[in-house]
Amino acid sequence: MKFIKTYKAVLLSVSLLFFLTSCSDELETETFDNSSLVTVKLQGTQSVYSQVNIEVLDVQFKVLEDELDPNAWISLNAINTGSHDLASITDNRVITLVDFKEVPSEFIYSIKLVLGDQHTAVKNGKTYALDLNSEYQDTSTNIVEKQLISNKLYDFVIELNLDDSIIVSSEGKANLSPKMNTLMRLYNLF
C-alpha cells in the first residue's frame with residue numbers, strides 16, 4: 001500500500017512538472033509581425049597601432065533614400081557608447097552596440113556609426129589625437145540595401161579597418177577617416 005502511494009506521488013509530480021514546462025514554452029514564443037530584431041557589433045582589425053580609441057555615440061539605419069529628409073535616419077539606441085580600444089577588439093572579439101533591438105521591417109539603405117570627437121591612437125609609445133574627417137559625418141557609412149523581413153534576427157558586425165582609417169601627415173597631424181565593412185547574418189526566430 002505504501003508503494004502505491006509513493007508511486008502515485010511520483011507520477012503526479014512528474015505530470016505536474018511536464019505540464020508546467022510545456023506551458024512556459026508557449027509563453028516564451030513571441031512573434032514580431034511587423035518588425036525584426038537587430039543586433040549590431042563592432043570590431044577592429046589587426047593594426048600597427050597598439051591602441052585605437054574610438055568614441056561611439058550611436059548606431060543609425062538610413063530608412064529613406066533622401067538623406068536630407070529629417071526622418072531618413074533612425075537611431076538604434078546603442079547600449080555600449082563611449083570610447084572603445086578597437087586595437088584590442090579584433091578577431092573573434094566584438095563589442096555589442098545594439099542588442100536585440102526591435103525595429104520596423106522596412107528597407108534599410110545604410111548603417112552608420114555616429115562618432116564623437118574623442119579619438120586617439122598610440123604607435124611606438126606616441127599618442128596621436130585623431131581629428132574626424134568632416135566628410136565622414138555627412139555620408140553613408142556602409143551601404144546595406146536590404147529589406148528587413150518580419151520575425152527575423154539580423155546580426156550586423158561592423159569591422160573598422162584601423163590602419164586604412166588613420167592617416168598621419170608628415171607634420172605629425174593625425175586624421176580619422178573610417179574605412180569599414182559590414183557583415184550581416186540572418187537568423188530565423190522560429
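**Close-up views of strands, backbone and rings**

View 1. Ile108 has Lys146 in S9 as its bridge partner. The model is predicted: local features need pLDDT of at least 70, side-chain atom pairs count only at pLDDT 80 or more, and totals for chains, interfaces and linings use all residues. Residues are numbered from 1 along each chain as its sequence is written, and side-chain values use heavy atoms, with hydrogens and water left out. Strands are DSSP runs of E with at least two residues, helices are runs of H or I with at least four, and numbering starts from the N terminus. Two strands pair if DSSP finds at least two bridges between them. S6 (residues 107-115) and S9 (residues 142-147) pair in the antiparallel sense. Four bridges make up that pairing. S2 (residues 51-62) also runs antiparallel to S6, joined by six bridges. Here Lys62 stands opposite Ser110 in S6. Seven of the nine residues of S6 are buried, so the strand is largely enclosed by the rest of the structure. Buried means under 20% relative accessible area, exposed over 50%, and partly exposed in between (1.4 Å probe, protein chains only).

View 2. S1 (residues 35-44) is mostly covered, with nine of its 10 residues buried. Seven bridges pair S1 with S5 (residues 95-104) in the antiparallel sense. Ser35 stands opposite Pro104 in S5. S1 and S10 run parallel, joined by eight bridges. Gln43 has Glu159 in S10 as its bridge partner.

View 3. Most residues other than glycine have a negative phi. Asn77 has a positive phi, near 50°. Asn77 lies in the loop between strand S3 (73-75) and strand S4 (82-85). Its relative accessible area is 49%, so Asn77 is partly exposed. Glu145 is not a glycine either, yet its phi is positive, about 45°. Glu145 belongs to strand S9. Is Glu145 buried or exposed? Glu145 is exposed, at 54% relative accessible area.

**View 4. Aromatic pairs.** Rings of Phe, Tyr and Trp (its six-membered ring) pair if their centres lie within 6.5 Å; planes under 30 degrees apart count as stacked, over 60 as edge-to-face, and the rest as tilted. The count by this rule is two aromatic pairs. Phe61 and Phe156 have ring centres 5.5 Å apart and planes at 70°, so this pair is edge-to-face. It links distant parts of the chain, with Phe61 in S2 and Phe156 in S10 (residues 152-160), 95 residues apart. Both Phe61 and Phe156 are buried. Phe107 and Tyr109 also form an edge-to-face pair, because their ring centres lie 4.8 Å apart and their planes stand at 70°. Phe107 is partly exposed, at 30% relative accessibility. Tyr109 is partly exposed too, at 22%.

**View 5. Lysines over rings.** A charge sits over a ring if NZ of Lys or CZ of Arg is within 6 Å of the ring centre and within 35 degrees of the ring normal. Which residue lies over the face of Trp73? Lys112 does, at 4.8 Å from the ring centre. The ring of Tyr49 has the charged end of Lys123 over it, 5.7 Å from the ring's centre.
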